[in-house]
Amino acid sequence: MQGVTKSYPNGRVALRGVDLTIPEGDFVFLVGPSGAGKSTIIKLLIRDELPTKGAVLLDGRDLGRLKRREVPKIRRKIGIVFQDFKLLPQKTVRDNVGFALEVTGARRREIDPAVDRVLQVVGLTGQADQLPAQLSGGEQQRTAIARALVHNPRLFIADEPTGNLDPLISWEIIQLLLRINELGVTVLMATHNAEVVTAVRKRVVALENGRIVRDEVGAAYHRED
Amino acid sequence: MIAFVAFSLRRAWQSFWRNGIMSLAATATMILMLVLLSGLIILLTGLDATLNYVQQEVQVVAYLKDSATTQDVSTLEASLHGMPQVTQVSFVSKDQAYRDFLARHPDEAAVINSLPTNPLPASLQINLRNPNDYLDVATYLNNQPSVDRVLNIQQTVDQMVTVIGILRAGGAAILVVVGLIVLFIIVNTIRLAVVSRADEIEIMRLVGASDAFIRWPFIFEGALVGLLGAAVTIGLLAVGQGPITNFLSDYFKVLPVEAGTTVGRNIALIVMGTGVGIGVLGSYLSVRSYLIR
């Protein structure tokens with residue numbers, strides 16, 4: 001991101017001149033109080049919003065200059081999960097994950113093996129035919145992670161993935177994200193979970209009032225001076 | 001391409017049944033509105049047929065001089081037949097006029113019988129294609145030597161033409177207004193059905209589905225709602241056809257017999273077209289608001 005400023009039509013300025021580079025294969029925590037601009041950065045990265053000033057480059061491409069029909073293709077390079085999982089309640093775990101491939105026009109014989117593979121990665125092979133309502137919160141989040149992974153994304157974005165989960169389960173989810181990162185996928189995780197951030201000692205980017213106030217590798221959630 | 005269409009159709013079919021209540025609401029609204037629309041069309045068709053009938057009944061009556069010979073009359077009749085405005089010419093002889101008079105006014109028999117000769121003139125009764133041509137034909141007749149005078153009903157004709165025009169325009173206006181209301185209500189109901197699935201659309205966008213993949217299942221679903229609604233409406237109309245036809249022929253009396261089947265087929269086509277068209281349009285508009293960003 002180069003000199004990115006984002007203001008919304010209601011006049012609120014969410015980001016002010018943000019410069020941020022995330023090298024491929026990195027694991028980055030995005031921290032800061034609510035309203036600091038974490039969600040806006042994520043929306044800009046998936047081109048759900050466009051910057052008011054500056055440019056967002058993903059894999060060398062300026063997202064602001066993409067043609068409309070190229071947007072879906074870029075999004076397939078990004079996997080994203082949210083605090084509220086966003087699973088379809090009438091579909092089984094397998095179908096929820098397969099849905100991501102189905103809606104991009106993949107064929108049935110490509111879908112099934114890909115789904116089996118990611119379910120194995122997240123450890124849900126046994127629950128493949130259950131509905132989201134029959135799963136625990138952690139299992140639902142792992143289903144969402146599997147769905148985000150099924151396209152083999154280069155960038156994995158997690159927006160408060162542990163916000164609805166208890167500490168033990170949160171820890172499992174973080175372990176999973178670290179594994180994904182080890183497989184070579186860049187991971188960006190926005191979170192409030194200080195304990196986790198401090199424990200894993202990865203790069204931490206702290207936002208406040210739309211500005212980056214700290215960018216440290218191997219850091220804790222709070223400033224350590 | 002085939003896989004895409006199959007995917008869209010399958011998804012449309014699945015989500016129609018999975019979102020049973022919304023689909024039911026949309027289909028029920030569709031049926032209600034289509035029945036309203038077809039009822040209105042049936043009434044207006046009846047009105048239109050009646051107006052056409054009334055228009056055709058406008059006659060120019062030309063009284064002939066007693067001196068006119070049979071030869072004069074047939075020449076005049078032939079020339080009238082040659083006029084494009086004229087549909088029919090009938091000759092009423094003096095004797096015929098006399099009998100008609102007696103039949104219409106039996107009490108006056110004594111009066112007319114007391115006269116030495118038959119005072120009633122022979123006449124030509126001319127039916128017009130369009131009542132607006134009244135003046136042309138009347139003027140032509142007035143200039144004929146064998147014509148004594150032309151019955152002047154210009155004012156009546158003018159008034160009738162005005163009233164018919166107002167009724168026609170009123171009918172068309174009501175049809176347009178009701179049509180727009182129907183369109184609005186159905187589009188809104190379908191929009192509700194789409195909005196209730198905003199999550200699904202959001203997920204599709206996030207995982208990188210192209211616009212076509214998001215849009216077409218909803219459009220097919222809208223078409224399905226329209227198709228189902230139209231089918232039920234046509235079924236209802238078919239069941240009600242007997243009573244409707246009776247009502248129409250009682251009420252308007254003048255409908256030609258074959259009108260029933262033509263009207264029926266037209267209404268079936270209109271209902272089917274409107275249903276599917278509005279279903280598709282409604283879905284398209286509703287999904288569009290999610291895609292444009």
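I started where the chains meet: 18 residues of chain A are in contact with 14 residues of chain B, contact being C-beta atoms, placed from the backbone, within 7 Å. This is a predicted model, so I kept in mind that local features need pLDDT of at least 70 and side-chain atom pairs count only at pLDDT 80 or more, while totals for chains, interfaces and linings use all residues. Residues are numbered from 1 along each chain as its sequence is written, with chains lettered from A and ligands numbered from 1 in the order in which they are written.

On the side of chain A that touches chain B, α2 (71-75) and α3 (93-102) each supply at least two residues. α2(A) gives the most, with three residues. Helices here are DSSP runs of H or I with at least four residues, strands are E runs with at least two, and both are numbered from the N terminus. I sorted that side of chain A by type and got six nonpolar, four polar and eight charged residues.

Six strands form an open, mixed sheet in the order β7-β8-β9-β3-β10-β11; strands pair if DSSP finds at least two bridges between them. β7 (78-82) and β11 (211-216) of chain A are at the edges with a single partner strand each, so one side of each has no neighbour in the sheet. I read an average twist of 15° from one strand to the next; axes are lines fitted to C-alpha atoms, for helices over the stretch in contact, and angles run from 0 to 180 degrees between N-to-C directions.

I then went along the pairs. β7(A) runs parallel to β8(A) (residues 155-159) over five bridges, and Ile80(A) has Ile157(A) as its bridge partner there. β3(A) and β10(A) are parallel too, joined by four bridges, with Phe29(A) partnered by Val204(A). β10(A) and β11(A) are antiparallel over five bridges. They make a hairpin with two residues between them, and Asn209(A) in the turn has a positive phi of about 50°.

Which helices lie across these strands of chain A? α1(A) (residues 38-45) lies across β3, β7, β8, β9 and β10, at about 145° to β8(A). α6(A) (residues 167-182) lies across β3, β8 and β9, at about 155° to β9(A).

Over to chain B, which has 11 helices and four strands. The four strands form an open antiparallel sheet in the order β2-β3-β1-β4. β2(B) and β3(B) share six bridges, and Val86(B) pairs with Leu128(B).

Last, the cores, meaning sets of buried Ala, Val, Leu, Ile, Met, Phe, Trp, Tyr and Cys residues joined through C-beta atoms within 7 Å. Buried is 20 or more other C-beta atoms within 10 Å of a residue's own, the C-beta atoms being placed from the backbone. In the largest core, of 97 residues, Leu30(A), Ala146(A) and Ile157(A) touch the most other members. Helix α9 (residues 211-239) of chain B gives this core the most, with nine residues. I also noted a second, separate core of 17 residues, including Leu128(B).

Terms used. A residue is buried if 20 or more other C-beta atoms lie within 10 Å of its own, exposed if 12 or fewer, and partly exposed in between; C-beta atoms are placed from the backbone. Two residues are in contact if their C-beta atoms, placed from the backbone, lie within 7 Å. Ala, Val, Leu, Ile, Met, Phe, Trp, Tyr, Cys and Pro count as nonpolar, Asp, Glu, Lys and Arg as charged, and the others, Gly among them, as polar.
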